[in-house]
Amino acid sequence: MALLELSDVSVHYGRIGALSGISLTVEEGEIVTLIGANGAGKTTTMRAISGIRPLSGGKITFDGEDITKLRADLRVVRGISQAPEGRGVFPGMTVLENLDMGAYARKDRKNLAEDFERVFTLFPRLGERKSQVGGTMSGGEQQMVAIGRALMARPRLLLLDEPSMGLAPQFIQQIFRIITEINQQGTTVLLVEQNAQQALSRAHRAYVLETGSISKTGTGPELLADPSVKEAYLGVA
Amino acid sequence: MNHVVTFLADGSDWINFDVGALRDQFWNDTIEGLSQGSIYALVALGYTLVYGVLRLINFAHSEVFIFGVFGAYFTFFGLGFRPGPTPELGAGELILYLALALIVAMLVSGATAVVVERVAYRPLRRRGAPPLVFLITAIGASFVLQQILFIWRGGNQERAIRLMRPQEVFTIFGASVTNLQIIIVLASIVLMLIANTFINRTRLGRGVRAVAQDPDTATLMGVNKERVIMLTFLIGGLLAGAAALFYLMKAPTGASYQGGFLLGIKAFTAAVLGGIGNLRGALLGGLILGIVENYGQSVFGGGWRDIVAFVLLVVVLMFRPTGILGESLGKARV
Ligand SMILES: Nc1ncnc2c1ncn2[C@@H]1O[C@H](COP(=O)(O)OP(=O)(O)OP(=O)(O)O)[C@@H](O)[C@H]1O
Ligand SMILES: [Mg+2]
């Protein structure tokens, strides 16, 4: 049984359809990546999974339970957390407060020390800047806050929407290394990326989204070798 | 030495310019302004909290306040007090009755605020209504609440019920400071500190700040936005209820169904003056407004009191369009 399953999911913004009946699965322990051009519907998919965008059709199940109608904040309790596109760092909160927000929905809020420790080990930079306010941090640092914050929820499924956006090349390497590390520590990851090269080489499986529909799926290496994927997403003629 | 400049030909003082009166009255004006300003500040916090979270100016907040005034008034009434001479009460008794009226007023205002949110704003939010619709609804809700009071009590002002006579406790530069002023200022400060600590130091308060800064991301963290919104209205209402009791203790006359309007507008002015969305801005704005209003009254004459408040607002906004402290609730930190 898949940890996450989307069956025939559609989402509309007003009358305009952004997703027209997509189906995908994420198995426990996997890194699955969703690649696609601008406006393909990747962020919309993530918002639908987290519950901040209602479906106009289809069904989402998580851990065998239908969560299609479940309130967004309760999905976090179930174990789905997200580092959203654009990072969404709370500008007026310190690094510590931002991270603490990640654990907002947790019932065992007494023992967060371990989780803070884990985040500071993954991102030593955050440990040095605990009391800096989010709004004054650099883009890369904000990305670390966003990912670290999503980890504070101790999620079973971590959703990452373009974690490499706007980062310098050596930094992109580092972020992807950390994503693999998080996965190896036992967290299932659904990763949306523009950086298809990196994403496909890190992922177990991948889906290609094209204007609201899944056009291709396969293992990471399969898609890396696929000529049409190469042409469209890897900048190889 | 008084410089009274008279602008009307018949010599009646349409407007004064009496700097001497300000000099004579300076400390009296300041002290009285602080106690009046505390009331503005408590009400201003309600505007600021709701604005911070919803970007909505809750015009019905003035009626949330006036419901609290009636709540306090009828608590006095229910305790057996009637309009007329002020009774002689022992300190213990007085504190007990005032505490009771405070609790009732806070609960009445808090409940009113939550009901307004439920009945007027939540259905609009569900349907994704544009901001203008919220604004019209806010004004409508304000009228509905006023009319409820009118239908219940009629248009006449209730006759004042007093539990205590202001008595001088000590003097500052010759200006007397009364027990009433001390109670109002101290109680307001304590309540505002509690509200501030709640918003900045507790988990729920952090949820409120998160929704104010980025509602969608707050939801992704597991914050229940609807609950935060309700909580915000509740806190604003509770503070307005406390202000309501203090207002009733100070006001020369009793409660009236329209009594919230001017105070509400001034508290809103105070919130904008300090920087709307900013908790400390509401406090600062309220105190400054209370004090400057009194100075204005001394210099220009009684009729100019309310005008001074708005002239001050316009002048401050010309130089600092975001108000004196100018941050949003989101960014405000202790
Ligand atoms: N709030 C909105 N209102 C109307 N249309 C929207 C809204 N958000 C997204 N869309 C539209 O839905 C489609 C999918 O958008 P989405 O943000 O999911 O794309 P994306 O794949 O994440 O793109 P990008 O790579 O640029 O982030 C686009 O055509 C977009 O214009
Ligand atoms: Mg996107």
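**Helix pair in chain B**

I started with H5 (residues 179-201) and H8 (residues 225-250) of chain B in this predicted model, whose axes come within 10 Å and cross at roughly 175°. H5(B) and H8(B) are therefore roughly antiparallel to each other. On the terms: angles under 35 degrees count as roughly parallel, over 145 as roughly antiparallel, 65 to 115 as roughly perpendicular, and the rest as oblique. Axes are lines fitted to C-alpha atoms, for helices over the stretch in contact, and angles run from 0 to 180 degrees between N-to-C directions. Helices (H or I, at least four residues) and strands (E, at least two) are DSSP runs, numbered from the N terminus.

Which residues make the contact? On the H5(B) side I noted B:Leu180, B:Ile184 and B:Leu191 among them, and on the H8(B) side B:Leu231, B:Ile235 and B:Phe246 are included. Contact here means heavy atoms within 4.5 Å.

I also looked up B:Leu193, which sits in H5 of chain B. B:Leu193 counts as exposed because its relative accessibility is 52%; the cut-offs are under 20% relative accessible area for buried, over 50% for exposed, and partly exposed in between (1.4 Å probe, protein chains only). From B:Leu193 to B:Thr253 I get 60 residues in sequence and 30 Å in space, C-alpha to C-alpha.

**How the model is read**

Residues are numbered from 1 along each chain as its sequence is written, and chains are lettered from A and ligands numbered from 1 in the order in which they are written. As this is a predicted model, local features need pLDDT of at least 70 and side-chain atom pairs count only at pLDDT 80 or more, while totals for chains, interfaces and linings use all residues; side-chain values use heavy atoms, with hydrogens and water left out.

**Salt bridges**

How many salt bridges are there over all chains? My search of the whole structure gave 26, taking a salt bridge as a side-chain nitrogen of Lys or Arg within 4 Å of a carboxyl oxygen of Asp or Glu.

A:Arg205 pairs with A:Glu30, with the closest N and O atoms 2.6 Å apart. This pair links distant parts of the chain, 175 residues apart: A:Arg205 is in strand E9 (residues 205-210) and A:Glu30 in the loop between E2 (16-26) and E3 (31-36) of chain A. A:Arg205 counts as buried at 18% relative accessibility, and A:Glu30 is buried at 11%.

A:Arg47 and B:Asp216 meet in a salt bridge (3.1 Å, N to O). That one crosses between chains, from helix H1 (residues 42-50) of chain A to helix H7 (residues 215-220) of chain B. A:Arg47 is partly exposed at 23%, and B:Asp216 is partly exposed at 32%.

Buried or exposed, B:Glu117? B:Glu117 is buried, at 0% relative accessible area, and B:Arg125 is buried at 17%.

I also noted a network of salt bridges linking A:Glu97, A:Asp100, A:Arg109, B:Arg206 and B:Arg209.

**Backbone angles**

Most residues other than glycine have a negative phi. I noted A:Asp8, in strand E1 (residues 4-13) of chain A, with phi near 55°. A:Glu162 has a positive phi too, near 50°. A:Glu162 is in the loop between strand E7 (157-161) and helix H7 (169-184) of chain A, and counts as buried at 7% relative accessibility.
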